[in-house]
Amino acid sequence: MMITWSEEITIDANIETVWELFKDKNITRIMPQVEEHALIEKEENEVGARHRQTYREGKRTETYIVTTLACEDREEHKLKEVTFTVGRAFDIKTSYTFQKLAGNRTRLIYEGTNEGASVLGKIMLKFVRDKSNRKVVHEFLERVREEAEQEEENVRSES
């Protein structure tokens with residue numbers, strides 16, 4: 001059993017502004033349930049980089065290792081792809097593709113898979129509704145859009 005998603009959003013902000021939100025120091029702005037995101041191996045945007053991440057859902061916290069599978073940082077195109085296993089139950093792989101658009105706009109494509117890593121994980125995924133997963137994906141993209149556009153507004157008002 002596996003859940004997959006591929007959604008995109010156009011953001012009224014420079015590609016560098018959006019990309020900056022995915023850096024270690026800003027990750028909790030777009031992922032508020034992440035309580036810790038600490039580099040433990042290699043450099044932040046290097047393939048093979050490993051981070052210890054702690055995530056809170058309600059009263060429960062889960063700590064796991066996030067490994068960077070791909071990272072590209074070009075002027076017109078950026079990419080970050082990571083993988084992690086949560087609770088020995090779910091293998092998750094996500095990718096974020098950033099494309100520079102005309103008029104200081106950015107297209108963000110968010111893709112991922114969530115696959116049962118154990119019998120329990122596979123059983124639990126059978127009960128996940130596609131609609132609820134899409135809601136989580138859309139809420140994440142909206143949070144990124146809001147943060148990036150707010151940051152862009154702050155930069156404009158400072159100059």
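1. Arg-52 and Glu-36 form a salt bridge (a side-chain nitrogen of Lys or Arg within 4 Å of a carboxyl oxygen of Asp or Glu), and the closest N and O atoms of this pair are 3.2 Å apart. The pair links distant parts of the chain, with Arg-52 in strand β3 and Glu-36 in strand β2, 16 residues apart; helices (H or I, at least four residues) and strands (E, at least two) are taken here as DSSP runs, numbered from the N terminus. Arg-52 counts as partly exposed at 32% relative accessibility, and Glu-36 counts as partly exposed at 28%. On this scale buried means under 20% relative accessible area, exposed means over 50%, and partly exposed lies in between (1.4 Å probe, protein chains only).

2. The basis of these values should be kept in view, since this is a predicted model in which local features need pLDDT of at least 70 and side-chain atom pairs count only at pLDDT 80 or more, whereas totals for chains, interfaces and linings use all residues. Residues are numbered from 1 along each chain as its sequence is written, and side-chain values use heavy atoms, with hydrogens and water left out.

3. The whole structure contains 19 salt bridges according to the search. In one of them Glu-151 pairs with Arg-29, again with 3.2 Å between the closest N and O atoms; Glu-151 lies in helix α4 and Arg-29 in helix α2, so the pair ties together parts that are 122 residues apart in sequence. Glu-151 is partly exposed, with a relative accessible area of 26%, and Arg-29 is partly exposed at 29%.

4. Glu-139 is partly exposed at 39%, whereas Lys-135 counts as exposed at 52% relative accessibility. Elsewhere, salt bridges that share partners join Glu-16, Asp-73 and Lys-78 into one network.

5. Which residues have the most contacts inside the largest nonpolar core? This core, a set of buried Ala, Val, Leu, Ile, Met, Phe, Trp, Tyr and Cys residues joined through side-chain atoms within 4.5 Å, has 33 residues, and those with the most contacts inside it are Phe-22, Leu-108, Phe-140 and Val-144. The elements that give two or more residues to the core include β1 (2–11), β4 (60–73), β5 (77–86), β6 (90–101) and β7 (105–116), together with helices such as α1 (15–20), α2 (27–30) and α4 (130–158). The largest share, five residues, comes from α4. As background, nonpolar side chains tend to be buried together in soluble globular proteins.

6. Phe-22 has contacts (heavy atoms within 4.5 Å) with Ile-27, Ile-30, Lys-80, Tyr-96, Phe-98, Leu-108, Phe-140 and Val-144, when residues up to four places away in sequence are not counted.

7. Nine aromatic pairs are found in a search of the whole structure, where rings of Phe, Tyr and Trp (its six-membered ring) pair if their centres lie within 6.5 Å, and planes under 30 degrees apart count as stacked, over 60 as edge-to-face and the rest as tilted. The rings of Phe-22 and Phe-98 have centres 5.0 Å apart and planes at 80°, so this pair is edge-to-face. It links distant parts of the chain, with Phe-22 in the loop between α1 and α2 and Phe-98 in strand β6, 76 residues apart; Phe-22 is buried, and so is Phe-98.

8. Tyr-110 and Phe-140 form a tilted pair, with 4.9 Å from centre to centre and 50° between the planes. Tyr-110 lies in strand β7 and Phe-140 in helix α4, 30 residues apart. Tyr-110 is buried, with a relative accessible area of 10%, and Phe-140 counts as buried at 7%. One aromatic cluster is formed by Trp-5, Trp-19, Phe-22, Tyr-96, Phe-98, Tyr-110 and Phe-140.

9. Asn-104, in the loop between β6 and β7, has a positive phi near 60° and is partly exposed, with a relative accessible area of 39%.
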